[in-house]
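Student: Could you take me through this model one feature at a time, giving the general idea before the particular case?

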Amino acid sequence: MSWRRLLYFALVTGLLVSGVRAQPSSDAYSANAVRAAFLVNFIRFTEWPASPSGATDAPMLIGVAGNRDLEDYLWRITDGKLLHGRRVRILRLTVPSDATACHLIYINPFPSRADAVPVSTEEWLHAVRDRPVLTVSQTNNFLRDGGIINFYTEGQNLHFEIAADAVEAVGLKMSSRLLALARVVRTKPVPAAPAR
Amino acid sequence: MLHPLIRTSLLSAIAFVAAGRIDAQLPPLPNPKPDALDDIPLEQLMQLPVEFVTGASKYEQNIQRAPASVTVLTSEDIRNFGWTTVADALRSARGIFINSDRFYDYIGNRGFTRPYDYNSRTLVLVNGHRINDAIFQQGSIGTDFILDVDLIDRIEIIHGPSSSLYGSSAFYGAVNIIPKKGRDYDGGEASLAVGSEPSIKGRVTTGRRTNNGVEYTISATEWYSKGEDDFTLPQSWRDNTGLTNTVARDRDRMHHQSVYGNASWRWLEFEAAYVKRDKDVLPQVFFTNLTDPSEATDERAYALVRVTGHPNSDATLSSTLSLDYYSYEGRFSPVFLGFNPQRLDSEALSLNYETRWHQGFGDKHALIAGFEYQKNFIQDVSREDSIDPTQSSSISTDSSYISPFLQFDFNLGRNFWLSTGARYDYYSTGEKRLTPRAGLIWNASQATTFKLLYGQAFRVPNVAERLAGEGAPGPNPDLNPETNESWEFAANHRFNSIWQADAHLFHTKSSDLITDNAVNAQEITTRGVEAGFSAYFPSNIQLRASGTYQETRDASGQTVVDAPRTLLKFNASAPIYENWLRASLEVQYVGDRTDNTGASMGDYLTENFTLRAVHVWGRWDLSLSVYNISGSRWADSTNTGQIQSVPRSVVARATLEF
């Protein structure tokens with residue numbers, strides 16, 4: 001086939017295919033794209049205690065451990081936006097000490113080979129224990145181990161559960177709107193009713 | 001001749017733009033784009049259908065649908081296994097073997113290597129940008145590679161022909177190397193590596209992504225190696241030269257200097273790289289003498305600007321303009337009487353423009369259309385005989401090519417994908433080539449994928465072969481392109497979130513291969529089977545193994561030079577003390593091969609071990625590697641016979657993150 005004919009073939013088929021628009025997509029969203037949107041909403045509906053220095057212009061720090069795909073979605077979704085009137089910064093977490101400065105950390109319990117960080121979920125939680133850091137993950141027992149918000153799947157949808165006692169224990173205030181949408185879990189044992 | 005071609009390409013480009021505009025005027029999709037997901041109320045967010053993929057990352061998902069068989073190695077692999085060059089990384093990949101004459105490293109792929117072919121049959125790319133030069137078409141992968149391996153984010157190895165997207169030299173495969181971005185450093189790194197040869201390598205890198213969206217990386221590396229102090233000359237050297245020396249002293253030194261930078265802001269991206277490598281050439285490689293120096297300097301550089309836009313919600317249009325420079329200078333003192341010390345110089349300067357439109361149609365179909373144009377302004381090759389000027393020669397030429405390409409990916413119902421593509425290459429030197437590719441992909445289940453792949457490829461004769469041939473037959477301006485036709489059947493299965501396995505059957509037939517006599521004379525067929533598995537445990541233990549059995553024969557049924565039948569690879573990496581100390585072991589077996597005289601070179605087994613400590617005292621990454629633990633000394637084939645491999649060595653590295 002001569003190059004001229006090939007080019008015309010390319011031209012014509014290209015036009016034809018471009019014209020055939022696929023049906024509005026009913027395809028699913030990437031889990032990380034949806035997680036990123038949830039994380040931003042979690043921040044919107046949570047209040048942090050004032051910083052000891054009183055600074056109000058310091059950026060909101062979102063730390064991500066072991067999920068570069070999620071980092072990318074967070075970058076894109078927060079680009080040029082303010083949360084609580086503050087700029088947003090996304091940190092890739094590799095050492096536990098970095099997590100303590102964050103407002104929210106997302107811990108990927110099973111990172112892919114390319115994302116692996118040699119720090120376990122327990123170690124991340126330990127690093128931010130008793131600090132006003134909103135900890136988020138998607139793994140069984142995350143709330144029992146001291147985490148605050150855990151994603152879970154219901155059918156094809158992403159839902160979340162909140163450890164309400166943990167929120168208060170670290171000095172965070174969460175909007176009732178968030179709590180209304182979540183499955184609220186009490187992790188502290190409820191004291192037995194006093195015996196009569 | 002070129003003008004109507006350019007005009008037609010432009011017309012087709014305009015037509016595609018117009019097609020995109022028509023799309024853009026359609027009402028927007030009801031579904032929000034991922035970037036705007038946070039603007040919808042939480043209640044609706046909880047109603048969105050979500051796709052869950054184990055170990056989800058963009059490229060892993062893509063691999064399932066790629067119309068090729070792909071291996072991905074990551075920056076963590078590079079650090080865990082202590083790889084010092086791209087060649088080291090490739091050694092661990094399924095089906096690939098490396099032939100090193102300790103001057104350059106050559107990729108053996110699909111059962112084929114030809115000693116001293118300059119890697120012209122595997123395309124090397126950085127971020128999709130061609131590294132193979134405009135003189136020898138050499139894809140550098142050793143200490144002459146343009147990037148420090150520490151800067152690599154991942155290495156994608158495309159097994160099998162890829163000329164339908166990349167053109168010449170993507171003959172047996174392509175290796176695309178993706179450097180890290182500023183966000184991967186978010187600060188800087190200073191690194192020092194000290195080796196037992198002795199060698200010393202220092203690197204300083206800084207990179208970040210700022211709040212106003214600017215992202216950049218700048219890095220510089222300097223690397224010296226003394227190589228092997230006392231290189232034992234093989235019997236073949238003594239037989240051929242009639243000399244009685246047994247050792248070449250201090251003839252293996254290497255000096256590498258490189259700088260790299262990239263910067264991006266929104267739709268604009270810049271990248272520039274430069275490397276200069278000086279290397280002593282061991283006497284065995286070209287039968288050089290022991291009294292005068294024999295050494296070579298390779299320089300490569302490129303600078304590119306890339307613009308990426310989204311003409312409609314599902315489209316990506318990117319255009320890249322790049323300037324490439326290549327220079328080679330060799331100073332050799334042959335041992336044979338009648339051959340005088342000589343100096344070889346080559347220089348090339350090229351301008352390359354590529355534009356590529358990727359149009360998705362929902363998540364179902366996709367179209368890639370584009371064209372590449374390259375103008376080689378300078379292609380100079382000269383030889384200067386220090387004593388007899390009549391033996392000197394000098395060639396100056398220039399050339400260009402233009403290549404439109406097209407690929408369609410169709411979703412044929414729920415789980416079947418058909419990918420078809422073709423590229424037409426038109427060279428000012430007269431070569432014309434249409435290379436098609438087709439792949440049928442069946443996602444039989446969430447966990448199982450089958451692929452049936454067909455592809456053709458070609459390699460145009462390089463300047464040296466056409467115009468500056470060395471040795472008796474001289475150059476041959478009438479050479480035709482080499483061609484390749486391949487079939488592959490591949491199966492991949494993910495047993496659970498930890499284990500996965502793959503198997504491949506391939507048949508590849510290469511015709512019109514250019515021989516040492518500068519004629520299109522050789523035909524080679526390889527049949528092979530490959531299988532492998534990988535496992536990644538939540539405890540951070542990683543295992544990877546693969547085996548290849550292949551038979552490579554020429555038209556008369558004879559086995560060909562340097563074509564091992566068996567390749568076995570095993571890589572394991574595991575935390576051994578808490579989470580900060582990690583041990584990694586790789587074992588490689590390469591079966592028996594023959595040299596250019598038909599003599600057996602035997603098989604070999606080699607092992608490398610690396611102990612790595614991460615986040616020591618907060619900011620340090622420390623490692624200790626032992627290469628070739630058992631100290632086996634195998635031979636690799638050269639065009640003059642055989643050359644002994646490098647001895648056991650140890651390298652200690654310290655990297656400070658700041």
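Tutor: Let us begin with the contacts of chain B, where, among pairs of residues at least 6 apart in sequence, 61% join residues at least 24 apart. Please keep in mind throughout that this is a predicted model. Chain B has 658 residues, of which 55% are buried, and its secondary structure consists of 10 helices and 34 strands. Its accessible surface comes to about 26100 Å², with 58% belonging to carbon and sulfur atoms.

Student: How many helices and strands does chain A have, and what share of its residues is buried?

Tutor: Chain A has 7 helices and 10 strands, and buried residues make up 54% of its 196 residues. For contacts in chain A with a separation of 6 or more, residues 24 or more positions apart account for 61%.

Student: How should I read a nonpolar core, and which residues have the most contacts inside the largest one?

Tutor: The general idea is that nonpolar side chains in soluble globular proteins tend to be buried together. Here the largest nonpolar core has 63 residues, and those with the most contacts inside it are Phe38(A), Phe42(A), Leu74(A), Leu134(A) and Phe160(A). Helix α2 of chain A, residues 31-44, gives this core its largest share, 9 residues. If residues up to four places away in sequence are set aside, Leu134(A) touches, among others, Phe42(A), Trp48(A), Leu104(A), Ile148(A) and Met174(A). A second, separate core has 32 residues, including Ile131(B), Ile155(B), Ile157(B) and Leu304(B).

Student: Is helix α3(A) largely enclosed or largely open, and why?

Tutor: Burial can be counted residue by residue along a helix, and in α3(A) 9 of the 11 residues are buried, so the helix is largely enclosed by the rest of the structure. The buried residues include Leu70(A), Tyr73(A), Leu74(A), Trp75(A) and Ile77(A), but also Asp69(A), Glu71(A) and Asp72(A). At the start of α3(A), a side-chain oxygen of Asn67(A) reaches to within 3.4 Å of the backbone nitrogen of Asp69(A), while the helix is followed by Gly80(A), which has a positive phi near 75 degrees.

Student: Asp72(A) is buried; with which residue does it form a salt bridge?

Tutor: Asp72(A) forms a salt bridge with Arg183(B), their closest N and O atoms being 2.4 Å apart. Because Asp72(A) lies in helix α3 (residues 68-78) of chain A and Arg183(B) in helix α7 (residues 182-185) of chain B, the pair joins two chains. Both Asp72(A) and Arg183(B) are buried. Over all chains, the structure holds 53 salt bridges.

Student: How would I read a salt bridge whose two residues belong to one helix?

Tutor: An α-helix has 3.6 residues a turn, so residues three or four places apart point the same way. The case here is Arg91(B) and Asp88(B), which lie 3 residues apart in helix α5 (residues 86-91) of chain B, about one turn of the helix, and whose side chains meet in a salt bridge of 4.0 Å, N to O. Arg91(B) is buried at a relative accessible area of 18%, and Asp88(B) is likewise buried, at 18%. Another salt bridge, between Arg343(B) and Asp345(B), has its closest N and O atoms 2.8 Å apart, and Arg343(B) counts as partly exposed at 33% relative accessibility.

Student: Where is Asp150(B) found, and which residues is it linked with in a network of salt bridges?

Tutor: Asp150(B) is found in the loop between β6 (129-130) and β7 (152-159) of chain B, and it is buried, with a relative accessible area of 13%. The network of salt bridges links Asp150(B) with Glu76(B), Arg79(B), Asp148(B), Glu189(B), Lys201(B), Arg203(B), Arg612(B) and Asp621(B). A polar contact of 3.2 Å joins the side chains of Asp150(B) and Arg203(B). Beyond its neighbours within four places in sequence, Asp150(B) is in contact with residues including Lys180(B), Tyr185(B) and Ser191(B).

Notes
Residues are numbered from 1 along each chain as its sequence is written. Chains are lettered from A and ligands numbered from 1 in the order in which they are written. This is a predicted model: local features need pLDDT of at least 70, side-chain atom pairs count only at pLDDT 80 or more; totals for chains, interfaces and linings use all residues. Side-chain values use heavy atoms; hydrogens and water are left out. Helices (H or I, at least four residues) and strands (E, at least two) are DSSP runs, numbered from the N terminus. Buried means under 20% relative accessible area, exposed over 50%, partly exposed in between (1.4 Å probe, protein chains only). A polar contact is a pair of N or O atoms within 3.5 Å; within protein, one must be able to donate a hydrogen and the other to accept it, and residues adjacent in sequence count only if both atoms are side-chain atoms. Contact means heavy atoms within 4.5 Å. A nonpolar core is a set of buried Ala, Val, Leu, Ile, Met, Phe, Trp, Tyr and Cys residues joined through side-chain atoms within 4.5 Å. Accessible areas come from the Shrake-Rupley method with a 1.4 Å probe; for residues, only the protein chains shown count as cover.
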